[in-house]
Amino acid sequence: MTGRRLGSYEIEKEIGRGGMGVVYRARQPSLQRTVALKVLPGHLAKDAGFVERFLREARAAARLHHPGIVTVFDVGESDDTFFFAMQLLPGASLAELLAAQKRLSTRQVASLGIQVADALSYAHREGILHRDIKPANLLIDRDGRCVLTDFGIALALTDTRLTQTGASLGSPHYMAPEILNGKSPDARCDLYALGVVMFEALTGRPPYQGDSPLAIAYQHVAEHLPRVREVLPEASEELDLIIAKLMAKEPEQRYQRAAEVARDLLQVTGGVVQALPSASATGGDLPPTPVPPTPVEPVVTPPAPSAAKKRFSPARAGFAVVLAALAVAAALYLGLERPWQSPAATGPATPPGDPVANGGAQTPPEPPGRPEAGDSDAGPAPGPVAPPTDPPATPPLAESFTVTSEPPGAAVFLAGQRLDGATPVEISVTPGAAVDLRLELAGYERSGMSVDLEELPDELRASRQLHFPLTPVTPPGTVTASAPYPVTLSAAGRRGSGRLSLPPGTHRVELSAPSVYYAATRTVEVRSGEETALELPAVARVAVAAAPSRCKVRIDGREVDFVPFTVELAVGTHRFDFDWETLGVTRTVEQEITAETDRVFAAASEGEG
């Protein structure tokens, strides 16, 4: 279609393809702008159902106005060709970035998660699911910011008109178990996919791998949840736990809202959203968002702004972003709206809601006031600008502390950065900035505190020493279930095949063996370092018959087959529902199956059999 005109757009070149359309770089002469034009393929345009879905995609995307989501300008049709226009982003997808770089650092992955979680939080509040979160749909612009695109299979939470029986939308590597089980999706499916993406970005590979989509789908539903630290032992424990919670098999055990994910990830980054590796080397034209954030590294004390000049500079931008990130963390904890939103702010307004807008690094606009002498700019300075403040007469003096532990030898992390050596070590803290202090020692529970000089007790501050008694880690216990058939154990948000490691204490362990129609819950007392073996019932091979024989049977509510058939059943009580559809007759038989039971029978009328 190169050189062709669609509506007011002149197509220049093809820049991408997807299941729902081809994307072109196009020019809109009337507004002197270049856009990305997504066009429905011609063979699909003849199908009314596909056209409706394509237009639904455009309408859903056009409703969303957020810095972390690609903006849709226009929807149109020309000569039976359907299209919509969106912004153009120079950059590359996360998939391309990972192909070149293999994996990202802990802070980069956490920053990526914060930005995607914020975009999803907004979309979910607008009633829109994405349903295809994957690296190919996460675009990294040339300033290292993540933008969510391709709502090609987005589904309005309230729209059921286009639901099709048996339809499976999404990518198998990133699909939540409940979707693969045929259940209706909700916002937690997007969060599951985000967890998979973060796992892949951190370790360099997806959590589940297989030779076919079916093999991968089975693992999502039935296999043990792999942990990040099983693949990458040096990975952050906090991030490992967040990803594990995002990828819990049961939706109820996951995060329930995207804002909760962003809140916890901000704790991992210390309130700083780090720029992702620049995608400029890969080139490309992709849909963008306005005004990129300035990348910043974690700092203990932000630099004071210069009073002589209030124009944009990298140092001032870094200071503004740090302030904004701290405001974001506070707003997330308090559940507040974005306090800095103002009608006077330039650019598109960010809708109210859970604040981590613009990847957690949104900068508040300057408050109204007189311009400085010599500042001749008519409008606001480009990029993020720190609020004008008078510099302190003298910089605050840092205070030193000795960090000790019992036993000694613990690794010390200050503001997320590991210090050289092990306890005892010296740290330096500046007044006015709370700093996260963490100690780690193998075999002991993690310890630490948030060090704020203004909040420290006077005697502790005067002693210049921070001491941490470390608590030994209590080894977990193991619950096993040995049986001649496969059995899954679930408890405390964990799931295992045949065995399960659990912390000491009383647990309700769910046992499931679908192949022999067995399901039970046992209360188990788990002891540290010990193994608790659970006895499972034996199996009987049972013939199921009925008269007349044209009869459908369900066992324990699960449809099996038309009689006669033979089935393996766990010893115990089972319910058999016999249904003669042609006769309009049903019979229910509850029968105790023993090792000697070899037959279950029912008749449509009392005189038969």
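Val403 has Val425 as its bridge partner in strand 16. The model in which this pairing occurs is predicted: local features require pLDDT of at least 70, side-chain atom pairs count only at pLDDT 80 or more, and totals for chains, interfaces and linings use all residues. Residues are numbered from 1 along each chain as its sequence is written, and side-chain values use heavy atoms, with hydrogens and water left out.

Strand 13 (residues 399-406) and strand 16 run antiparallel and are joined by five bridges. Strands here are DSSP runs of E with at least two residues, helices are runs of H or I with at least four residues, and both are numbered from the N terminus; two strands pair if DSSP finds at least two bridges between them. Three strands, in the order 16-13-19, form an open sheet with mixed pairing. Strand 16 (425-429) and strand 19 (465-469) stand at its edges with a single partner strand each, so one side of each is left without a neighbour in the sheet. From one strand to the next the twist averages 30°, where axes are lines fitted to C-alpha atoms, for helices over the stretch in contact, and angles run from 0 to 180 degrees between N-to-C directions.

A further open sheet consists of four strands in the order 22-21-24-25, with antiparallel pairing. Its edges are strand 22 (494-497) and strand 25 (518-526); each has a single partner strand, so one side of each lacks a neighbour in the sheet. The twist in this sheet averages 25° from one strand to the next. Strand 21 (residues 488-491) is connected to strand 22 by four bridges, and the two run antiparallel. Ser490 has Arg495 in strand 22 as its bridge partner.

Among the helices, helix 4 (residues 106-125) has 20 residues and reaches 28 Å from its first C-alpha to its last, close to the 28 Å expected at 1.5 Å a residue; the expected span is 1.5 Å times one less than the number of residues. Helix 4 is mostly covered, with 18 of its 20 residues buried, that is, under 20% relative accessible area with a 1.4 Å probe and protein chains only. Just after helix 4, Gly127 adopts a positive phi of about 85°.

The protein as a whole has twelve helices and 33 strands. Buried residues make up 47% of its 609 residues. Of the contacts (heavy atoms within 4.5 Å) in the protein with a separation of 6 or more, 61% are between residues 24 or more positions apart.

Definitions and conventions: Buried < 20%, exposed > 50% of the residue type's maximum accessible area, 1.4 Å probe, protein only.
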